[in-house]
Amino acid sequence: MSETTETTYKPTSPNSKLDFASVWEYDPAPESTDHVEVKEKYELFIDGKFVKPSKGRYFSTTNPATGKKLTEFAEATQKDIDKAVKSARKAFEGEWSELAPKTRGKYLFRIARMLQERAREFAVLESMDGGKPIRESRDVDIPLVAAHFFYYAGWADKLEYAFPGKTPEPIGVCGQIIPWNFPLLMLAWKIAPALACGNTVVLKPAETTSLTAMKFAELVKDAGVPDGVINIVTGAGQTGAEIVNHKDIDKIAFTGSTRVGKIIQQSLAGTDKRYSLELGGKGAMIIFEDAPIDQAVEGIINAIFFNQGHVCCAGSRLIVQESVADKVVQKLKDRMQTLVVGDPLDKNTDVGAINSENQFNTVNKYLEIGINEGADIYQCDCELPADGYFIRPTLLTNVSQSNRVVQEEIFGPVLTIQTFRTADEAITKANNTPYGLANGVWTDKGSKIFKIGSKLRSGVVWANTYNKFDPTSPFGGYKESGVGREGGLQGLSAYVNLK
Ligand code: NAI
Ligand code: MG
């Protein structure tokens, strides 16, 4: 990122034409935290037991909505990773691989049901540690987590139907490294298919959001999953690198930044480890003049402000047909003024806290870069809480294709806006970034959806909607957005060797 910036970015407070504040005032509706337990510190989960880290080091995680320390996690170093891999190997070669596939499935079904039973607790902890609105963790994250376990539980004893004519065999010990934007959901995307196929795992959650993973470890113990099948180790990048470079791991699955994905790919070159990488994105939403505009505006709000824009497939670029651009942008601004930004645990909150101080600084830096590149900035007038890491939902207009804010992943509540005249121009603009994870098209015409959709170089194309997920749909990217697919039938093949 460039260090030279000429102007200092200051949040603006543009006046809206409408007095939304008086129309849209809600009383606080905080979710209770009485039913959740946050321990003072958490150990590593290895071989079915909670064990102290070999070097005795711990690091803290904060609640990004308050900036205050929430709890501590153990830092796993090489010795701990080795122990976790040995325990996963023992479980793989012992009990787990000898279990009847339908019994493996039963464990996954049990995990899914227990997640549903404890859904509220998981949702609250996810919001406390990561800053996402409780409405999302309650209605999106945790239900999808359970759905993933249910879905892959169903496949456990049907693998020969998934790969007709072949004999699917588990790969072995899988090292799995996940990010902070959907902490428990990314854990589910990794663990559910791996176990369904008969593998064992060593998983590392992200350092800013390890709480639900440790809570999940407690659930794994309660579910009676055989020791060593699931190992959860906490730590930052160095811990992740120890997993990637461990000699007795057969497969690496990673979700995170393209920068780290490239480091991992280089480390694995020349080894026989299999890998799948799910990396960054710079999704475009193409709005045609025949689109249902109000619906599209609602879709845009969801595409970029959902989860504070901490979504790899976020619709972070709006590409709107020139004839309706003014109308769409005005409606978007009006709708933005009604967004409730603040306490993630308040049930009215639409946009919560930025996940960490680091990410807060990154997003603010991009706003400054955008302004220096000549962009015009529009932000909602909403009041922000005094503490914690919050950023107003933001539009950047007057940007061009080569601007860094149009090319690079910002991973925050920031939408760039460009216009187009012809469909070809829209497609060229949408495809012109290093990424290719997801895009969206809004139009009234089905034929246009198929025509444009087939020319967009991304793993996902949503039509007249955005950010819709389902365990049965494969997900993954083109170009620098990654290698391999997760979810659906395709997600199984990442965890089997076919004979
Ligand atoms: P990151 O890629 O550093 O973190 C993701 C995971 O990788 C974490 O568990 C981290 O501990 C681990 N990790 C870090 N360095 C590693 C290494 N050398 N070897 C193995 N594992 C390693 O992402 P970060 O720094 O938190 O965020 C930076 C940017 O990455 C964000 O601004 C965003 O643009 C992007 N990002 C994309 C995500 C996605 O879902 N595609 C998720 C998170 C971040
Ligand atoms: Mg945290």
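# Contacts, cores and a ligand in a predicted model

Visitor: Which backbone oxygen lies 2.9 Å from a polar atom of the side chain of S454?

Guide: That oxygen belongs to K451. A pair of this kind is a polar contact (N or O atoms within 3.5 Å; within protein, one must be able to donate a hydrogen and the other to accept it, and residues adjacent in sequence count only if both atoms are side-chain atoms).

Visitor: Before we go on, what kind of model is this, and how is everything numbered?

Guide: The model is predicted, with local features needing pLDDT of at least 70 and side-chain atom pairs pLDDT 80 or more, whereas totals for chains, interfaces and linings use all residues. Residues are numbered from 1 along each chain as its sequence is written, chains are lettered from A and ligands numbered from 1 in the order written, and side-chain values use heavy atoms, without hydrogens or water.

Visitor: Back to S454: where is it placed?

Guide: S454 is in helix α16, residues 446-455. Helices (H or I, at least four residues) and strands (E, at least two) are DSSP runs numbered from the N terminus.

Visitor: Is S454 buried or exposed?

Guide: S454 has a relative accessible area of 60%, so it counts as exposed. The classes are buried under 20%, exposed over 50% and partly exposed in between, with a 1.4 Å probe and protein chains only. The C-alpha atom of S454 is 22 Å from that of Q401, and the two residues are 53 apart along the chain.

Visitor: And S316, buried or exposed?

Guide: S316 is buried, because its relative accessible area is 9%. This serine is in strand β13, residues 315-321. S316 touches K282, G283, I304, V414, L415 and T416, leaving aside residues up to four places away in sequence; such a contact means heavy atoms within 4.5 Å.

Visitor: Changing topic, what domains does the protein chain have?

Guide: The assignment gives domain 1 (41-279 + 481-498) and domain 2 (284-463); such bounds come from an automatic or database domain assignment. The C-alpha centres of domain 1 and domain 2 lie 30 Å apart. Their contact takes 26 residues from domain 1 and 29 residues from domain 2.

Visitor: How many residues are in the largest nonpolar core?

Guide: The largest nonpolar core has 112 residues, and F149 and F216 have the most contacts inside it. A nonpolar core is a set of buried Ala, Val, Leu, Ile, Met, Phe, Trp, Tyr and Cys residues joined through side-chain atoms within 4.5 Å. Helix α7 (residues 183-196) supplies the largest share of this core, 11 residues. Domain 1 and domain 2 each contribute at least three residues to this core.

Visitor: Which residues does F149 touch?

Guide: Beyond residues up to four places away in sequence, F149 touches L108, I111, A112, L115, L187, A188, I191, A192 and F216. Another core, of 22 residues, lies apart from the largest one and includes V51, I243, I252 and L268.

Visitor: Now the ligand. How many residues surround ligand 1?

Guide: There are 24 residues around ligand 1, and the closest are W180, E207, S257, L279 and E409. A residue counts as near if one of its heavy atoms lies within 4 Å of the molecule.

Visitor: Which element gives the most to that shell around ligand 1?

Guide: Helix α9 gives the most, with three residues. Both α9 (237-244) and β10 (251-255) supply at least two residues each.

Visitor: What about polar atoms at ligand 1?

Guide: Polar side-chain atoms of K204 and E207 each lie by an oxygen atom of ligand 1, K204 at 2.8 Å and E207 at 2.7 Å. A backbone N or O atom of L279 lies 2.8 Å from a nitrogen atom of ligand 1. Ligand 1 alone exposes 810 Å², of which the protein buries 85%.

Visitor: Finally, what is the phi of D47?

Guide: Phi of D47 is about 55 degrees, a positive value although D47 is not a glycine. Most residues other than glycine have a negative phi. D47 is in the loop between β2 (44-46) and β3 (49-51), and it counts as buried because its relative accessibility is 17%. The side chains of D47 and K90 form a polar contact of 3.3 Å.

Visitor: And N464, where is that placed?

Guide: N464 is in the loop between β19 (460-463) and β20 (478-479). Phi of N464 is also positive, near 55 degrees. N464 has 24% relative accessibility, so it counts as partly exposed.

Conventions: Areas by Shrake-Rupley, 256 points an atom, 1.4 Å probe, with all protein chains shown as cover.
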